[in-house]
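Visitor: I have a structure open and would like to learn how to read its features. Could you walk me through a few?

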Amino acid sequence: MGKLAVYKYLSLMFLVLQCVVTVFTIMALFGGDVSPVGHSARAMLVYILPVLIALNIVLLLIWLIRRKWFYAIIPIVTIACCIPYIGTIVQFGSIDKNAEAEKGLKIATYNVAMFGRETSGFLAQDILAQIRRHKVDVLCLQEYNENSGDKKNSDSYKEYFPYMAVGRGDMVVFSRYPIKDSKTLLFDDSNQSAMWADIDVKGQDIRIFNVHLETTGINRTMYKAGKLQAANPYEDYSITNSRVLNAIFGNYTLGMMFRAGQAITIANEKRSTEKPCILCGDFNDVPYSFVYNTMLGNMVDGFKECGSGWMYTYRGKKAVRIDYIFHDTFFKGLSYYKEDLTTSDHLPVFMKVTY
């Protein structure tokens, strides 16, 4: 009788846990539908969606092992609801090897991290060599640095990219096709910005958006926390850790709010034109977030359309997808992939489209 009571108690505990995980998972799936301003806790759930999905899988295995077939339906349905989200980070199809041979427009976006601030110009040249190898037609760079010592990086890029549009300092669009017009989009109270360039591709005007949204500030916060701990070596670690966690949460919440406003600005700018658009850059945010949904609108996520494998674009400990290429339905995606370069803390993303 004792064993039966324990068995029933465990089943009840797992069922309660399953209900909690399911509720939070569904809330997270819709967390990106509301602005982080005033709904920061709900919006934050999007960032733990991978953990929630993993918990659902573990609970599903538990129900199957214990032969609780009825209860197993709950995580199965929950995981099924997550399939659209899973598709933004993993695609199980194979890459079309013939796509690169087809006629189209090749786009690349890359946060080059100021070329490591090195002065020889070697890193900028190495990146250009990789871009040429991929036969890129339009290149959008974030955290671009024009000068490498006494050299101008744009001079070396002109041989392959005759046309160039400069945004605010660290934003640039290089093109093999004529650039007819461009505009810089500034954000309030932020060093980040965006821009667009109208490119004449064999008689067809295409508007290319290059975007760099507010950073999370976590690395900066951790650096300050390290200095704080070094300055107060005898302080109780629990107090220091509490301060660090509060600072991280505060910075991340503030970053979400800034990015939300910036995304709305770009979405409104995009709606103001009838030209077919391609929107790319460093969003500093994850799929299914408010920023992702706002920027995507009625556009197509290139990775979901023609990508393959696990898509992440940040090389740090947080292997997450924060760099994107979206396009209007005017275009059709042929290929979408990243390149594992070590020249920045981000990875370059490439996409080929036709129309």
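Predicted model: local features only at pLDDT ≥ 70, side-chain atom pairs only at ≥ 80, totals over all residues.

Visitor: Which residues of H4 are buried, then?

Guide: Ala72, Pro75, Thr78 and Ile79. Look down the axis of H4 and these buried residues fall within an arc of 120°, so they line one face of the helix.

Visitor: What span should H4 have, going by its residue count?

Guide: Take 1.5 Å a residue: the 13 residues of H4 (residues 69-81) should span 18 Å, and the end C-alpha atoms are 19 Å apart, which agrees.

Visitor: Let me try that on H3. How far apart are its end C-alpha atoms?

Guide: They are 24 Å apart, and the 17 residues of H3 (residues 49-65) should span 24 Å at 1.5 Å a residue, so that agrees. The buried residues of H3 are Leu49, Leu52, Ile53, Asn56, Leu59, Leu60 and Trp63. Down the axis of H3 they too fall within an arc of 120°, so they line one face of the helix. After H3 comes arginine 67, with a positive phi near 60°.

Visitor: On to charges. How many salt bridges are there?

Guide: The general idea is that side chains of opposite charge can pair when their charged atoms come close. Here the count is eight salt bridges. In one of them, arginine 133 meets glutamate 339, at 2.8 Å from N to O. That pair links distant parts of the chain: arginine 133 belongs to helix H6 (residues 122-133) and glutamate 339 to the loop between E15 and strand E16 (349-354), 206 residues apart.

Visitor: Which residue does lysine 180 pair with?

Guide: Aspartate 205, in a salt bridge of 3.1 Å, N to O. Lysine 180 is in strand E8 (residues 179-186) and aspartate 205 in strand E10 (residues 204-212), so the pair ties together parts that are 25 residues apart in sequence. Lysine 180 counts as exposed, because its relative accessibility is 52% and the cut-off is over 50%.

Visitor: And aspartate 198: buried or exposed?

Guide: Buried, with a relative accessible area of 2%. Aspartate 198 forms a salt bridge with lysine 275, with the closest N and O atoms 2.7 Å apart. Here again distant parts of the chain are linked: aspartate 198 sits in strand E9 (residues 193-201), and lysine 275 in the loop between helix H9 (237-271) and strand E11 (277-282), 77 residues apart. Lysine 275 counts as partly exposed, at 28% relative accessibility. A network of salt bridges links Asp198, Arg207 and Lys275.

Visitor: Which residues line the largest cavity?

Guide: Pro36, Ala43, Tyr47, Met256, Asp285, Ser289, Phe290 and Val291. They divide into six nonpolar, one polar and one charged. The largest cavity has a volume of about 50 Å³, and the count comes to one cavity of 30 Å³ or more.

How values were computed. Residues numbered from 1 in each chain as written. Heavy atoms only, no water. Helix = DSSP H or I, 4+ residues; strand = E, 2+ residues; numbered from the N terminus. Expected span 1.5 Å × (residues − 1). Buried < 20%, exposed > 50% of the residue type's maximum accessible area, 1.4 Å probe, protein only. Arc of directions from axis to C-beta. 1 Å grid on protein atoms, 1.4 Å probe; cavity = no way out; pocket = protein on both sides within 12 Å on 5 of 7 lines; lining within 4 Å. Points joined across faces, edges and corners; volume = space filled by probe spheres on them. Nonpolar A, V, L, I, M, F, W, Y, C, P; charged D, E, K, R; others polar. Salt bridge = Lys/Arg side-chain N within 4 Å of Asp/Glu carboxyl O.
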